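Here is a short briefing to read alongside the model. Have the viewer open and follow the topics in order.

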Amino acid sequence: MSRQSTWPTSARQRPGSSTPPPARRTWPARWGPCSGSWTSWWPAHAPAPGDNLIGDLVRAADASENPLSDTELRDQLMLIIIAGTETTVHAIGTLLVHLLAHPDQLALVTSGQVPMEDALTESLRLRPPIASVPLRFAVRQFRDARTGEQFGEGEPMLIHLAGANLDPERYPDPERFDAQREGGARSLAFGYGPHVCPGAALATREIVIAATRFLERYPTARLAVAPGLMEQTASFISNGYSSIAVDLG
């Protein structure tokens, strides 16, 4: 990832402000191929932000008494793409795969006997769009009482949400897709407590609407390839299908 591009900070000086713009910054190497796309996008949109979410973020960043730096604004925009788009896309695809792979469950949903929201909740439990949350670090040496695993001070730990959602003590027959699961299928797909996803309600509506519209438009759709043969994302964090082969009928 050797390609780096400059971030044109001069476009972000607040109109009428005597404060000079911050020094020009360079894209961190970790952005890799994204740097070219963002650099070509920014000069065209920053001087006149549009009437959209990104434009609102740019205007809010400039109007604040403590405005976001270019790096902070860029990170916020990337967060929207990664956390608010990729996860939703995976959740839509996975929900449709679960339904099309289980005609009995699909019939319950399309007949109105089971709400699409319930099918989504079960789909998120069985295969959440985020499988793991990296990383947490042990602040002291300790032994996990349940598993007997030993952790040293400073040792990294990977929180595997997908595994927690398949706990047989919490979910009977956990690897079975059941939109009518007794007691509901609430899981850690959207996080928990103070770490719950702030966009959970919006994401739920987006996924439900997308899946419902697809099934209404293609009522005879079926999978052209078994789920186990579909290409999956090459990631231990993002969890979904790279492509889904469907016969639209």
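Of the 249 residues in the protein chain, 33% count as buried, where buried means under 20% relative accessible area, exposed over 50% and partly exposed in between (1.4 Å probe, protein chains only). This is a predicted model, so local features need pLDDT of at least 70 and side-chain atom pairs count only at pLDDT 80 or more, while totals for chains, interfaces and linings use all residues. Residues are numbered from 1 along each chain as its sequence is written, and side-chain values use heavy atoms, with hydrogens and water left out.

**Overall picture**

- The protein chain has seven helices and eight strands; helices (H or I, at least four residues) and strands (E, at least two) are DSSP runs numbered from the N terminus.
- Among contacts (heavy atoms within 4.5 Å) with a separation of 6 or more, 60% join residues 24 or more positions apart.

**Helices α5 and α7**

- Helix α5 (residues 116–126) is mostly covered, with eight of its eleven residues buried; among them are Met116, Leu120, Glu122 and Arg125.
- The cover over the buried residues of α5 includes α3 (70–101), α4 (103–110) and α7.
- Phe214 sits in helix α7 (residues 200–217). Leaving aside neighbours within four places in sequence, Phe214 is in contact with Leu96, Ala221, Val246 and Leu248.
- Phe214 and Leu96 are 118 residues apart in sequence, yet their C-alpha atoms are 8.7 Å apart in space.

**Pockets**

- A pocket is found on a 1 Å grid over the protein atoms alone: an open set of points with protein on both sides within 12 Å along at least five of seven lines, where lining residues have an atom within 4 Å of a point.
- The largest pocket holds about 1200 Å³ of space; grid points are joined across faces, edges and corners, and a volume is the space filled by probe spheres set on the points.
- Its lining has 36 residues, with Ala83, Thr87, Ile130, Cys197 and Pro198 nearest the centre of the largest pocket. The elements giving two or more residues to this lining are α3, β3 (132–137) and α7, and α3 supplies the largest share, ten residues.
- By class, the lining of the largest pocket splits into 24 nonpolar, nine polar and three charged residues; Ala, Val, Leu, Ile, Met, Phe, Trp, Tyr, Cys and Pro count as nonpolar, Asp, Glu, Lys and Arg as charged, and the others, Gly among them, as polar.
- The second largest pocket, about 360 Å³ in volume, is lined by 18 residues, and α5 gives the most to this lining, with four.

**Salt bridges**

- The count comes to nine salt bridges, each a side-chain nitrogen of Lys or Arg within 4 Å of a carboxyl oxygen of Asp or Glu.
- Arg176 pairs with Asp173, with the closest N and O atoms 2.8 Å apart, and also with Asp178, at 3.0 Å. Arg176 is partly exposed at 37% relative accessibility, whereas Asp178 is buried at 12%.
- Arg213 forms a salt bridge with Glu216, the closest N and O atoms being 3.6 Å apart; both lie in helix α7, three residues apart, about one turn of the helix.
- Shared partners join Glu122, Arg125 and Arg181 into one network of salt bridges.

Note on methods. 1 Å grid on protein atoms, 1.4 Å probe; cavity = no way out; pocket = protein on both sides within 12 Å on 5 of 7 lines; lining within 4 Å.
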